[in-house]
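Here is a model to examine.

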Amino acid sequence: MLYFEDVEIGTVQSYGAYPVTREEVLSFASAYDPQPFHLDDEAAAKTFFGKISASGWHTCAMTMRMIVDHGKAHPIAATGSPGIDKVRWRRPVYPGDTLSVKAHVLGKRDFPSRPHLGVVENRYETFNQDGVLVMSFESDTLVERRK
């Protein structure tokens, strides 16, 4: 188990291999972001995207899945996050892409109202199979201190 004291600023980890399927893109968009360029081939062809693309929110969800799966394989005493900042959808994600994540530890700080926790500042970058950055965001993670 990795605790707040164990986290080193400057650490970079790469992980994940999430295959993006047409079925999942359509299912997610139908439920949560039913814009034509996520659902209809003809409509998407007339847009900047050129073809059906994943919702940016779906890209966030797929990224979160890879972060959680990595955390299961490499346990950290994380207790959640107060939020994310600077979400940027840099390039479209298409069915057939395979996504991966690069996580950067930017900093650490105390959490005065909860002295048993610390805050780890992270930047996450999501890439497609060609190494093209498709999304990035920053997030603070609450991490337990050693008892």
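Q: In which strand is Ser136 found?
A: This is a predicted model. In it, Ser136 is found in strand 5, which covers residues 133-144.

Q: Why is Ser136 called buried?
A: Its relative accessibility is 5%. Buried means under 20%. Ser136 therefore counts as buried.

Q: What makes the pairing of the Ser136 and Arg90 side chains a polar contact?
A: The two side chains are joined at 3.1 Å. The cut-off for a pair of N or O atoms is within 3.5 Å, so the label applies.

Q: Which residues does Ser136 touch, leaving out those up to four places away in sequence?
A: Ser136 touches Lys86, Val87, Arg88, Arg90, Tyr124 and Glu125. Touching here rests on heavy atoms within 4.5 Å.

Q: How many helices and strands does the protein chain have, and what is their order?
A: There are four helices and five strands. From the N terminus the order is β-α-α-α-α-β-β-β-β.

Q: What share of the protein chain is buried?
A: Buried residues are 38% of the 147 residues. Ser136, at 5% relative accessibility, is one of the buried residues.

Q: What share of contacts with a separation of 6 or more joins residues 24 or more positions apart?
A: In the protein chain, that share is 68%.

Q: How far apart are the mean positions of the positive and negative charges?
A: They are 4 Å apart, for 17 positive and 19 negative charges.

How values were computed
Residues numbered from 1 in each chain as written. Predicted model: local features only at pLDDT ≥ 70, side-chain atom pairs only at ≥ 80, totals over all residues. Heavy atoms only, no water. Helix = DSSP H or I, 4+ residues; strand = E, 2+ residues; numbered from the N terminus. Buried < 20%, exposed > 50% of the residue type's maximum accessible area, 1.4 Å probe, protein only. Polar contact = N/O pair within 3.5 Å; in protein donor to acceptor, adjacent residues only side chain to side chain. Lys, Arg positive; Asp, Glu negative; His and termini not counted. Charge placed at Lys NZ, Arg CZ, Asp CG, Glu CD.
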